[in-house]
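Morning, everyone. Please bring up the model on your screens. I'll keep this quick.

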Amino acid sequence: MILALLLITLLILASAAVAMVLRNLIHSALLLVLSWCGIAAFYLWAGAEFVAFAQILVYVGAISMVVLFAVLLTRPARDAELSVPAVTVLRVAAGLMAAGMVASILGLAVLTTRFSGAATRAPQLTVKDLGALLAGPHAAALLVTGVILTVALLGAVLIAAPAPAPRPEDHS
Amino acid sequence: MTPAAVPPDRWLELAPLQLRDWVTGFLPASLQWLATGLITIVAILAVFGLLFAYLTLAERKILGRIQNRPGPNRTGWFGLLQPFADGVKALTKEDVVPRQADPVLHYLAPVVLVALSLLGFAVIPFGRHLVAVELDAAVLYFFAAGAATELAIFMAGWASRNKYALLAAMRALAQLISYELPLLLAFVPVVMLAGTLSTTAIVAAQGGWTLGVLPHWFVLTPWGFAGFVIFMIAALAESNRSPFDLPEAESELIAGHLTEYSGFKYALFFMAEYFGMCALCGMAVTLFLGGWQAPCAALECIPSYAWFGAKLLTLLLGFIWIRATLPRLRMDQLTRLAWKFLVPLALINLGTAAFWSLTAGWTGGLQLVRWAVALALVAGPFVLLGRRLSRGVAPRVYRYASS
Amino acid sequence: MLGTGLLQGLAVTAKNLVGSFHDPARLPTLEYPEVQPQLPEAYRNFPFLVSESAEDPMGTLRCVACQICEKECPPQCIYIEKSKDKKPDAAGKQQIFPAVFVIDTSVCMSCQICVEVCPFESIKMDQVFAIATTERFGSLLLTREQLAKPNSYYHQIHPTEAAEVDRRLAADRQAAEDKAKAAAAAKSAAPTPPAKPATGGPAA
């Protein structure tokens, strides 16, 4: 089991690392998808079936499409090879600062959380229990998340929608 | 509404399992689990591989008959060996890779596509005892595997370095984003009513008959029928079948993402398309048509997998029939149909299903009220929305053609 | 209502599918090598040479190697060499005959101009339907022997047209005989022949 975990970790980290290094944006995006698949595999390893499948459905199925769409629509396919300017001290410093901030937030979150049941066995959760938990005690959080996502979606539509121009050939 | 008494398992019902156990019996006990899994995989591959082969033949024959010609009838008796001749042809053809193509992705795309499209078969209950993997979240697993297939189509289109292929890749992505939602929304009522995401439990929830003849399949309820129709339309789009075959529109994009593929890789794409079609139809059978359940109590003597097969074949023939009839949609019509028509209807259908579930206790005259309200909730929005969306467009007037 | 058009369309295709099993009008395909097509009489392609008898096609060719068709052929697919000697034709008259007569069917466009210009009714349009060959050059260059087909074959493929041609030929032959008889009679009537030789009787 530990061996499987190590392999999954290696897959996630390696594909993410290679995605960062590659100059071809599409390759990077596809490797990112592979990394997400690895995370889904990790959830499966941990016994969280539902989360794993949701991860694949949402990330591999939908988010990856959005990423690829963004890459394809913003630049011609021929220029997928990025011309990244040379590394400067400023860039290195900015990168290190951003990475340090993210790492410190994550590290703080990990360190300050009390893992109460870490020593005991993981509870056998069925999808039904999960649904009951989400719709019961955590309903407020779920609703707030939903509202935020909907507002974001509507905002995106408003920004993206062009001024309606009447087109004679379009009937509707 | 009482579930029928479980009938005794006849030997035909158990025959596949007994055959498997007989074969694995020769192996040491430590290897039996592996052999069991392998035999399941091989059985699924063999059955659906053959089904793929003969589905292509059936499609060509039926399309031919509909177009007033006999279809392939030279290779073997009634053309029955045609799929194998096609296979040999595909295997012996040169495998051309364009110099400009991305070699790794170009090679990986068909492999990934076939692998992903095969994943769905794992959770479909083909018979009373025939399901490869029992999963708690089986329906979710199925759609997660299905959603990933478009990624492979994108890989194929992008890696070919061909403008037609790239356009096809973009279309495939747009189509997936449009139709994933109605597909998922269409089966949510089923999950709601059955109270589970497990395919075996969903089939079990549709067991039993009223008066011994009327099966309790979900498709025979108002919300189930609407959900089934929405599901099948979205499934057509998901499997890139006509009239939603925009990614491989022959008349405008040569063959779309298939343009730069040849030889057996080309055949692999077709295999994946048919596997995906079979898997989606199998899921539709499981979710709405009662899975392996017999249509009436008297016909239970026929083994369950035969019923599943019959229902699956009916749906597949329906796909072929639709392909022979309907012309291809334009891209904007495709997305408009999904977002303006199917998604609202699916959402309303969710409400209908909720009503149906809340009024499960109504009896007598209230039962009639329940049916009337549910039918109105299904038909009303369909008619109103349809009329609103087709205003000014339908019925179509041909200015110069009609005298 | 929305969707009724779809159902109508599905009904149309279903009707075709079912009809193809019992209604011949809905399945007009001929399974070609086994079932040969019934070609209409007016169907024509590629010329052939008419000979009077099937037993001796080379001896009874109507062609007299006048080379009009060779000159008129738009794609110039006909090649003729005249014979040095003469031999009797079907009517017994001494005529030149084609020593070589070839048609390149890969060039021929079946325009029928050779047929129309021929004064001797000796070249006619054929009804070959399958003319695939295994090689490009020799098999597509048809020689005199391959081109010659008896008059009975002509009757078989274009009965109306052949009957008319036969009638015309017979009338011509009759006219020639009458003329010869008249000439002979005139010759016998005038014991001292004038300077005019055989041709050009007074009746002409």
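I'll go through confidence, domains, a helix pair and one arginine.

This is a predicted model: local features need pLDDT of at least 70, side-chain atom pairs count only at pLDDT 80 or more, and totals for chains, interfaces and linings use all residues. Residues are numbered from 1 along each chain as its sequence is written, chains are lettered from A and ligands numbered from 1 in the order in which they are written, and side-chain values use heavy atoms, without hydrogens and water.

Confidence to begin. pLDDT is the predictor's confidence in each residue, from 0 to 100. Chain A averages 79, and 78% of its residues score at least 70. Among its elements, helix α4(A), residues 89-112, has the highest mean, 90. Helix α5(A), residues 127-135, has the lowest, 79. Helices here are DSSP runs (H or I, at least four residues), numbered from the N terminus.

Now domains, with bounds from an automatic or database assignment. Chain A has domain 1 (1-78) and domain 2 (125-158). Their C-alpha centres lie 23 Å apart.

On to chain B. Which residues of α8(B) meet α11(B)? They are F228(B), M232(B), A235(B) and L236(B). Their partners in α11(B) are L315(B), F319(B) and I322(B). Contact means heavy atoms within 4.5 Å.

Last, chain C. R144(C) sits in helix α4(C), residues 144-147. Is R144(C) buried or exposed? R144(C) counts as buried because its relative accessibility is 14%; buried means under 20%, exposed over 50%, partly exposed in between (1.4 Å probe, protein chains only). Among the residues R144(C) touches are M58(C), F97(C) and P98(C).

Notes:
Helices (H or I, at least four residues) and strands (E, at least two) are DSSP runs, numbered from the N terminus. Lists of a residue's contacts leave out its neighbours within four places in sequence.
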